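Look at the structure first.

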Amino acid sequence: MFPSMRRIRQQIPDEEAIEILEKGEDGVLALSSPDGYPYAVPVNYVYDGSAYDRGRLIFHGALTGHRMDCIAHNPKASFCVVGRNTVLPADFSTEYVSVICFGTIRVIDDDAAKREAVETLGAHFSPDSVGQALDEEIASTWRRLCMYEMVIEHMTGKESKSAMKRRIAAARGE
């Protein structure tokens, strides 16, 4: 169903792709809008590997708006995270690692699941505020808060040729 990566030598192992997702804080969510145009929006996220085979991505947002219209129109989505990106001006290139996930996105309707998702997000972004401060923030935004998840069905990570060369040299102790 999903095409193989064209530059297969530059594909990183799933474990490394997951590590990039775990460390990341933001990425670009791509959706299909009802008017036929693609809609890509930068969002904060947290990766949760405890659920589903490949894990899930958790997002938050408003209860209404273009993003919600797109999700209702077509729940298939992709999400891109750039783990590292360094411009190499002398080489007219960049050194990067990135991950693209494909999956199905849905609004989390159940209150207990919504609470668990927002706590997971809060712990990721504000680990020192877990407890009363997080509880107060959740309580103050609960009625207008939408939590949604993307179950990852397919994922590929890629590194640039220069990142691949650096990794190989480091493994050799060079």
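Predicted model: local features only at pLDDT ≥ 70, side-chain atom pairs only at ≥ 80, totals over all residues.

Residues are numbered from 1 along each chain as its sequence is written, and side-chain values use heavy atoms, without hydrogens and water.

**Nonpolar cores**

- The largest nonpolar core holds 28 residues. Such a core is a set of buried Ala, Val, Leu, Ile, Met, Phe, Trp, Tyr and Cys residues joined through side-chain atoms within 4.5 Å; buried means under 20% relative accessible area (1.4 Å probe, protein chains only).
- Leu21, Leu29, Leu57 and Phe59 touch the most other members.
- Several elements each supply at least two residues, including helix H1 (14-23), strand S2 (26-32) and strand S8 (146-159). Helices (H or I, at least four residues) and strands (E, at least two) are DSSP runs, numbered from the N terminus.
- S8 gives the largest share, 5 residues.
- Beyond four places in sequence, Leu21 touches Tyr45, Tyr47, Leu57, Val81, Val99, Cys101, Ile152 and Met155 (heavy atoms within 4.5 Å).
- Another core, of 10 residues, lies apart from the largest one; Val46, Ile108, Leu121 and Ile138 are among its members.

**Helix pair H3 and H4**

- H3 (residues 111-125) and H4 (residues 132-141) pack at about 125°, with axes 11 Å apart. Axes are lines fitted to C-alpha atoms over the stretch in contact, and angles run from 0 to 180 degrees between N-to-C directions.
- Arg115, Val118, Glu119 and Gly122 of H3 meet Leu134, Asp135 and Ile138 of H4.

Technical notes: Buried < 20%, exposed > 50% of the residue type's maximum accessible area, 1.4 Å probe, protein only.
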